[in-house]
Amino acid sequence: TLQHYFPQNEVAANNLAVLHLRRGETDKARRALALPGQYSPETLNTLAASYVYANDYERAIELLRGIDTPEARYNLGLLKAARRQLAEAYELLRPYRDLNSAITALSVDRNDEADAIMRTLPDDSPTAEYVRALIAARRNDLAELCRRLAPALADPALKTRAHDEPDFDPYRDTPQFGEIMK
């Protein structure tokens, strides 16, 4: 309704585009953002998201590079990580000190930094516990690895991944690890 009465209102257009993206309606989101004039950083970020939803990561990266907001830098970091451009992703995500920045730190072998991040996070999701298990494996701490891996395996995707995780290879023949992986 707001966009109907104020068709040039960028905030209304951006909010409508976000709603369309949440419904998976990428084309409708882009049409909602088709306003004359320059885009604000927030609107460009939403437009970039529409390209992510359409699997056009290069276009999304191109748009995000031109935006200097924390949200855009974070999203660009996630895209760089997804594209396996890990050094760039690490630099972009490092300031946020969250689960994604810890995962990226592990990906570039910054194990101590990943550990420091995870020690401050109250997150006990299976993914967070899996990351803690990886850190323990890299620290050669079998007891901690097993303590962290057990709750992580509640997620079937992580259980499947654990079977092929190279960081766990040194522990596969131990009774403790074998018991958890049953």
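**Ring pairs and a helix crossing**

In this predicted model, Tyr130, Phe168 and Phe177 are joined into a cluster by ring pairs.

Visitor: What makes Tyr130 and Phe168 an edge-to-face pair?
Guide: Their planes stand at 70° and their ring centres are 5.7 Å apart. Rings pair if their centres lie within 6.5 Å, and planes over 60 degrees apart count as edge-to-face, so the pair is named edge-to-face.

Visitor: Which parts does the pair of Tyr130 and Phe168 tie together?
Guide: Tyr130 belongs to helix H10, while Phe168 sits in the loop between helix H12 (156–164) and helix H13 (175–181), so the pair ties together parts 38 residues apart in sequence.

Visitor: Why is the pair of Phe168 and Phe177 called tilted?
Guide: The ring centres are 5.7 Å apart and the planes meet at 55°. Planes under 30 degrees apart would count as stacked and those over 60 as edge-to-face, so 55° leaves the pair tilted.

Visitor: Are these residues buried or exposed: Tyr130, Phe168 and Phe177?
Guide: Tyr130 and Phe168 are both buried, and Phe177 is buried as well.

Visitor: Why is H8 called roughly parallel to H10?
Guide: The axes of helix H8 (residues 99–107) and helix H10 (residues 126–138) cross at roughly 30° and come within 11 Å. Angles under 35 degrees count as roughly parallel, so H8 is roughly parallel to H10.

Visitor: Which residues make the contact between H8 and H10?
Guide: H8 supplies Leu99, Ile103 and Leu106, and H10 supplies Thr127, Ala128, Val131, Leu134, Ile135 and Arg138. Of the residues in this contact, seven are nonpolar, one is polar and one is charged.

How values were computed: Residues numbered from 1 in each chain as written. Predicted model: local features only at pLDDT ≥ 70, side-chain atom pairs only at ≥ 80, totals over all residues. Heavy atoms only, no water. Axes fitted to C-alpha atoms, helices over the stretch in contact; angles between N-to-C directions. Helix = DSSP H or I, 4+ residues; strand = E, 2+ residues; numbered from the N terminus. Parallel < 35°, antiparallel > 145°, perpendicular 65-115°, else oblique. Contact = heavy atoms within 4.5 Å. Nonpolar A, V, L, I, M, F, W, Y, C, P; charged D, E, K, R; others polar. Phe/Tyr/Trp six-rings, centres within 6.5 Å; stacked < 30°, edge-to-face > 60°. Buried < 20%, exposed > 50% of the residue type's maximum accessible area, 1.4 Å probe, protein only.
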